[in-house]
Amino acid sequence: MTNSSRSGKRERLAIAAAQVLHEQGVEKTTLADIAHAADVPVGNVYYYFKTKDQLIEAAIGAHDEELTRLITALDELTDPRDRVKGLVRGWVSQSEVTARFGCPTGTLAAELDKREDGLDRAIALVMGRLLGWVERQFAELGREDAAELAIALVASYQGVALLTNTFRAPHMMRNEGRRLEEWLDSL
């Protein structure tokens with residue numbers, strides 16, 4: 001087996017872990033569920049990941065890589081306000097998925113917070129990167145209250161994601177997205 005096919009399977013498993021953990025939750029998810037989603041024989045999973053916790057860690061890495069891709073794409077925009085609006089629009093575009101399963105990173109963070117194995121801190125780093133990026137956008141807009149505005153924006157999204165999921169109501173996410181864009185325009 002070549003190095004690239006090994007890394008390909010490992011990456012597929014990490015991406016599948018992120019997806020299945022989002023859809024089923026940490027406790028309900030088995031290695032077999034992840035193997036099936038990645039189209040990898042269950043026995044091969046142990047070659048790459050010895051424990052479920054290692055797969056969870058890989059899923060956190062997949063969340064971080066997805067965040068990096070998103071930030072990189074948004075950073076192509078010249079106006080920081082447009083970047084933040086792009087972030088909000090991305091959240092809104094996932095309103096149907098959010099209604100079914102919640103925010104992928106937020107729900108994982110909430111689940112892992114109940115544990116004391118360090119994985120809660122690993123997902124917090126991903127959330128921290130998002131928060132830091134949003135803060136930098138507000139700072140580029142000349143806002144001295146950039147840190148507070150970043151918290152307000154991310155907290156608004158996490159709150160509406162929870163409500164959207166709780167009530168299985170994608171319109172809540174869409175409505176909050178419109179409100180957030182108007183709020184951004186008013187700053």
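Which helix is the place of alanine 139?

1. Alanine 139 sits in helix H8, where helices (H or I, at least four residues) are DSSP runs numbered from the N terminus. This is a predicted model, in which local features need pLDDT of at least 70 and side-chain atom pairs count only at pLDDT 80 or more, while totals for chains, interfaces and linings use all residues. Residues are numbered from 1 along each chain as its sequence is written, and side-chain values use heavy atoms, with hydrogens and water left out.

2. Alanine 139 counts as partly exposed because its relative accessibility is 44%; buried means under 20% relative accessible area, exposed over 50%, and partly exposed in between (1.4 Å probe, protein chains only).

3. Once its neighbours within four places in sequence are left aside, glutamine 137 is in contact (heavy atoms within 4.5 Å) with Asp75, Pro80, Arg83 and Val84.

4. Helix H8 (residues 119-140) packs with helix H4 (residues 52-74) at an angle of about 5 degrees, and their axes are 10 Å apart. That makes H4 roughly parallel to H8, a description used for angles under 35 degrees; axes are lines fitted to C-alpha atoms, for helices over the stretch in contact, and angles run from 0 to 180 degrees between N-to-C directions. The H4 side of the contact includes Ile56, Ile60, Leu67 and Ile71, and the H8 side includes Ala122, Val126, Leu130 and Trp133. By class, the residues of this contact divide into 11 nonpolar, two polar and four charged, where Ala, Val, Leu, Ile, Met, Phe, Trp, Tyr, Cys and Pro count as nonpolar, Asp, Glu, Lys and Arg as charged, and the others, Gly among them, as polar.

5. Helix H10 has 17 residues and reaches 25 Å from its first C-alpha to its last, close to the 24 Å expected at 1.5 Å a residue, the expected span being 1.5 Å times one less than the number of residues. Its buried residues are Pro170, Met173, Glu176, Gly177, Leu180, Glu181, Trp183 and Leu184. Seen down the axis of H10, these buried residues fall within an arc of 160 degrees, so they line one face of the helix; the arc is that of the directions from the helix axis to the C-beta atoms. The cover over the buried residues of H10 includes helix H5 (80-93), helix H6 (95-101), H8 and H9, whereas the face turned away from the buried side carries the exposed residues Glu182 and Ser186.

6. Most residues other than glycine have a negative phi. Aspartate 39, in the loop between helix H2 (31-38) and helix H3 (42-48), has a positive phi near 55 degrees and is exposed at 64% relative accessibility. Arginine 168, in the loop between helix H9 (146-166) and helix H10 (170-186), has a positive phi near 50 degrees and is exposed, with a relative accessible area of 52%.

7. Histidine 22 lies in helix H1 (residues 3-24) and is buried, with a relative accessible area of 12%. Leaving aside its neighbours within four places in sequence, the contacts of histidine 22 are with Val97, Phe101, Gly102, Cys103, Pro104 and Thr107.

Key
Helices (H or I, at least four residues) and strands (E, at least two) are DSSP runs, numbered from the N terminus. Angles under 35 degrees count as roughly parallel, over 145 as roughly antiparallel, 65 to 115 as roughly perpendicular and the rest as oblique.
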